[in-house]
Amino acid sequence: MSLRAPPMRQPFRSRGRSKRVTALLGGQAGATSTLADVERLAEQYLVPVEDVLLIAINLHGINGEAPRHRARLQVRLDTARSVPWQLIVPLNAEESPFRLLEDGQLLLAESPIATVERVDADEAVGGYFRDNGTALTLNPNARSRCVGCAFCPNTLEAAADPRLSEERDLRELLAALREQHPRRDLREVREVTVSTGCFEREPAAVNHLRALRSVLAEYGVEARLGFLTSVLRSQQAFEELADVGPFVLRLTAECFTRRDLLLKASKAVLATNWMPEVLRRAVAAGHGTSFTYIVGLDDIEALREGVQSLAPYVTEFPNFQVYQAHNRIMVGLRASGAHELEYYLHARTEIEKIMKPTGLRPAAWECYRPLWYFTFADEPLVGA
Ligand code: SF4
């Protein structure tokens with residue numbers, strides 16, 4: 001069965017028209033406005049209108065009546081209200097076609113498209129739960145103090161993430177997180193992801209994972225450990241990690257071109273043509289593998305080649321994030337064409353062609369800025 005759209009309550013109705021919005025949405029020359037443009041692109045790329053809208057919100061951010069830098073939002077689309085989505089977007093994007101009213105209504109130009117149910121500060125914190133308490137993300141190594149990647153907004157955020165390299169600190173963090181767990185039971189956690197990027201050297205990363213595993217064991221947590229990093233590279237390190245298993249390497253590829261310009265030195269030093277070998281080594285040592293990639297920094301051809309080279313070595317669907325520009329410098333870092341919504345739909349199509357035969361599929365809760373929400377290719381992901 002071909003699924004082109006999620007269950008609809010009623011179709012969107014375009015009520016406004018604005019040339020400025022057209023330019024921002026970046027449809028083809030001559031495209032007009034608002035929801036009509038989104039619908040046309042959705043039709044052209046065989047993507048549900050809802051997925052196109054959510055990608056567009058991530059790309060453009062939101063112009064809020066109460067402007068804030070970056071916030072976590074819970075959003076329900078008017079035509080698919082059964083599914084709430086978590087987004088992290090700037091609320092001070094003055095040029096965005098999306099406008100948030102004080103009563104929580106989200107407009108595209110003049111058309112109501114969604115309700116924003118919650119707005120929380122996106123602070124860098126020591127840890128938080130996702131997927132109803134079964135997944136835990138830890139920032140144990142002062143994410144807010146990590147600098148050097150030109151596209152990274154972390155240092156723009158308020159910080160509440162003390163550096164936690166000692167086992168005692170990890171214990172205190174887990175004790176605090178247990179209180180925040182929906183049922184106060186960390187044994188429900190199936191996946192712990194260390195999201196940090198701040199271990200500059202391989203031995204420090206290995207030692208941290210060992211310490212974390214032993215503290216998790218004290219709390220009865222047998223979860224798989226996931227680690228976002230590009231410093232774990234050697235066969236020896238992956239073999240040493242056999243005793244912290246189960247383990248999944250989430251290689252922070254981020255981009256395939258201009259790496260010296262866009263990435264901090266400890267990440268840029270991993271050349272694009274070495275990435276398949278790093279993933280291969282991790283798989284050979286018995287670990288799971290995936291990678292993170294920011295869609296909007298490479299041209300489509302480089303994206304296609306890079307993803308194609310890594311796809312044979314991943315055991316999990318990679319984390320593809322829409323690139324979000326938070327200031328004029330970040331706007332200037334976009335790849336050619338990546339200020340247009342169409343670039344992301346083209347990227348989605350190309351990635352689907354590469355990843356579909358692997359049988360791996362995206363889980364929307366794993367990523368705050370994905371390219372997939374209701375469908376992947378023709379397959380439903382939620383609420384079929
Ligand atoms: S490694 Fe780069 S992307 Fe990751 S937190 Fe540090 S500066 Fe940001």
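1. Helix α2 (residues 34-45) passes α3 (residues 49-60) in a right-handed crossing; a crossing has this hand if the near helix is turned clockwise from the far one by less than a right angle, and is left-handed if anticlockwise. The model is a predicted one, in which local features need pLDDT of at least 70 and side-chain atom pairs count only at pLDDT 80 or more, while totals for chains, interfaces and linings use all residues. Residues are numbered from 1 along each chain as its sequence is written. Helices (H or I, at least four residues) and strands (E, at least two) are DSSP runs, numbered from the N terminus.

2. The axes of α2 and α3 come within 9 Å and cross at roughly 120°. Axes are lines fitted to C-alpha atoms, for helices over the stretch in contact, and angles run from 0 to 180 degrees between N-to-C directions. On the α2 side the contact is made by V38, E39, L41 and A42, and on the α3 side by V49, V52, L53 and A56; two residues are in contact if their C-beta atoms, placed from the backbone, lie within 7 Å. These contact residues divide into seven nonpolar, no polar and one charged. In this division Ala, Val, Leu, Ile, Met, Phe, Trp, Tyr, Cys and Pro count as nonpolar, Asp, Glu, Lys and Arg as charged, and the others, Gly among them, as polar.

3. The loop between α2 and α3 contains L46. This residue has a positive phi of about 55° although it is not a glycine. Most residues other than glycine have a negative phi, and most peptide bonds are trans. L46 counts as partly exposed because it has 14 C-beta neighbours inside 10 Å; a residue is buried if 20 or more other C-beta atoms lie within 10 Å of its own, exposed if 12 or fewer, and partly exposed in between, with C-beta atoms placed from the backbone.

4. Helix α3 also packs with helix α12 (residues 341-355), at an angle of about 125° and with the axes 10 Å apart. The two helices are therefore oblique to each other; angles under 35 degrees count as roughly parallel, over 145 as roughly antiparallel, 65 to 115 as roughly perpendicular and the rest as oblique. V52, I55, A56 and L59 of α3 meet L341, Y344 and L345 of α12. The residues of this contact comprise seven nonpolar, no polar and no charged.

5. A further partner of α12 is helix α10 (residues 300-310), which packs at an angle of about 25° with the axes 10 Å apart. α10 and α12 are therefore roughly parallel to each other, and α10 passes α12 in a right-handed crossing. The contact is formed by I300, L303, R304, V307 and Q308 of α10 and by H346, A347, E350, I351 and I354 of α12. Its residues divide into six nonpolar, two polar and two charged.

6. An open sheet of six strands has the order β1-β4-β5-β6-β2-β3, with mixed pairing; two strands pair if DSSP finds at least two bridges between them. β1 (63-64) and β3 (80-89) each have a single partner strand and stand at the edges, so one side of each is left without a neighbour in the sheet. Helix α3 packs on this sheet, touching β2 (71-77), β3, β4 and β6 (111-121), and its direction makes about 20° with that of β3. β1 runs parallel to strand β4 (residues 98-100), to which two bridges join it. G64 stands opposite L100 in β4.

7. Seven strands form an open sheet with mixed pairing, in the order β8-β9-β11-β12-β13-β14-β15. Its edge strands, β8 and β15 (319-322), each pair on one side only. Neighbouring strands are turned by 20° against each other on average, direction ignored. Strands β8 (residues 127-130) and β9 (residues 135-138) pair in the antiparallel sense over four bridges, and the bridge partner of G127 in β9 is L138. Their hairpin has four residues between the strands, and D131 takes a positive phi near 50° there. By contrast, β11 (residues 191-195) and β12 (residues 224-229) pair in the parallel sense over five bridges, with E191 opposite R224.

8. Helix α9 (residues 275-284) lies across β13 (247-254) and β14 (288-295), running at about 175° to β13. In the loop between α6 (235-240) and β13 lies P246. A cis peptide bond, with omega about -5°, joins G245 and P246.

9. R184 is found in the loop between α4 (167-180) and β11. This residue, although not a glycine, has a positive phi of about 50°. R184 counts as exposed because it has 11 C-beta neighbours inside 10 Å.
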